[in-house]
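Biologist: Before we discuss the details, could you put the structure up and take me through it?

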Amino acid sequence: MIDGAVVAMIVIVAGVSGSGKTTVGGLLSACLGWPFVDSDSLHSRSNIEKMASGVPLTDEDREPWLAAIAAWIDARRACGAPGVVACSALKRKYRAALLDGRPSVRMVFLLIDPDVAASRLAARPGHFFSAELLNSQFAALEPPSADEPGVMPVPVRDRPNDTVDEIMGGLGIGSRDDRPGPTAASGPTTCGRT
Ligand SMILES: Nc1ncnc2c1ncn2[C@@H]1O[C@H](COP(=O)(O)OP(=O)(O)OP(=O)(O)O)[C@@H](O)[C@H]1O
Ligand SMILES: [Mg+2]
């Protein structure tokens, strides 16, 4: 509590392509009943066109995107509302841009082996898998260090719900009790509080 108001948490789910940001972030949001934004939807038209033509984004390109994510987060914070955001945040400076000065924002960084990410992406329906793009993600990746404030590294699990459990346990939010049945934690469906 600060000044009598409950401080609501915003959780950023980060990691390379294929680590499960969208899947795990969406499940977490459904389990908690918190709004979810996938930061892919916050890119400018010019960034989208650049990415679609296979041109990598520069740090300069990413600035307005990070600002848009920060604005979404700050709008939630301004009304004391929680939320979940999916955002790659591969570099420490991107993570700092979202976390610094925002103590109610926590980041979970999904850790995944490159081969596992590749096999997930190759099997992902409706998306073209580019090994080159995935390699560029791992080349850009600055894994979070143990002392990075506000960042909790989470090794990915085989089942998305197990990763969600790990996140909720680590952050001390929600619980298995919120789930509708004893087997739901490992099943493919979301829990009941949607
Ligand atoms: N245990 C798991 N956790 C999360 N996703 C999984 C898991 N096992 C398989 N998948 C699948 O992996 C694929 C990649 O997941 P997802 O799209 O959520 O990754 P992402 O990090 O959002 O990637 P991108 O950065 O490209 O958007 C999806 O098809 C998802 O269903
Ligand atoms: Mg995604």
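Modeller: Let me begin with the residue classes: Ala, Val, Leu, Ile, Met, Phe, Trp, Tyr, Cys and Pro count as nonpolar, Asp, Glu, Lys and Arg as charged, and the others, Gly among them, as polar. On that basis, the shell around ligand 1 divides into four nonpolar, nine polar and six charged residues. This is a predicted model, in which local features need pLDDT of at least 70 and side-chain atom pairs count only at pLDDT 80 or more, while totals for chains, interfaces and linings use all residues. Residues are numbered from 1 along each chain as its sequence is written, and chains are lettered from A and ligands numbered from 1 in the order in which they are written.

Biologist: Which residues come nearest to ligand 1?

Modeller: Ser17, Gly20, Thr22, Thr23 and Arg120 come nearest, out of 19 residues around the ligand. A residue is counted as near if its C-beta atom, placed from the backbone, lies within 6 Å of the molecule or strand concerned.

Biologist: And which elements give two or more residues to that shell?

Modeller: They are helix H1 (21–32) and helix H7 (160–171). H1 provides the largest share, four residues. Helices (H or I, at least four residues) and strands (E, at least two) are DSSP runs, numbered from the N terminus.

Biologist: Turning to the sheet, what is the strand order?

Modeller: The order is E2-E3-E1-E4-E5, in an open sheet of five strands with parallel pairing. Strand E2 (36–38) and strand E5 (151–155) are at the edges with a single partner strand each, so one side of each has no neighbour in the sheet. On average, neighbouring strands are turned by 20° against each other, direction ignored. Two strands pair if DSSP finds at least two bridges between them.

Biologist: What are the bridge partners of Ile10?

Modeller: In E3 the partner is Gly83, and in E4 it is Val105. Four bridges join strand E1 (residues 10–14) to strand E3 (residues 83–86), and five join E1 to E4. E4 is also linked to E5 by five bridges, with Val108 partnered by Met152.

Biologist: Is E4 mostly covered or mostly open?

Modeller: E4 is mostly covered, with five of its seven residues buried. A residue is buried if 20 or more other C-beta atoms lie within 10 Å of its own, exposed if 12 or fewer, and partly exposed in between, with C-beta atoms placed from the backbone.

Biologist: Which residues of H7 are buried?

Modeller: Those are Pro160, Asn161, Thr163, Val164, Asp165 and Ile167. Their cover includes H1, E4 and E5. Just after H7, Gly172 takes a positive phi of about 70°.

Biologist: Now the loop between E3 and H4: what is the phi of Ala89 there?

Modeller: Phi of Ala89 is near 45°, a positive value in a residue other than glycine. Most residues other than glycine have a negative phi. Ala89 counts as buried because 27 other C-beta atoms lie within 10 Å.

Biologist: How does Lys91 compare, buried or partly exposed?

Modeller: Lys91, found in the loop between E3 and H4, counts as partly exposed, with 14 C-beta neighbours inside 10 Å. Leaving aside neighbours within four places in sequence, Lys91 is in contact with Ala140 and Glu142; contact requires C-beta atoms, placed from the backbone, within 7 Å. Lys91 and Glu142 are 51 residues apart in sequence, yet 5.1 Å apart in space, C-alpha to C-alpha.

Methods: Axes fitted to C-alpha atoms, helices over the stretch in contact; angles between N-to-C directions. Contact = placed C-beta atoms within 7 Å.
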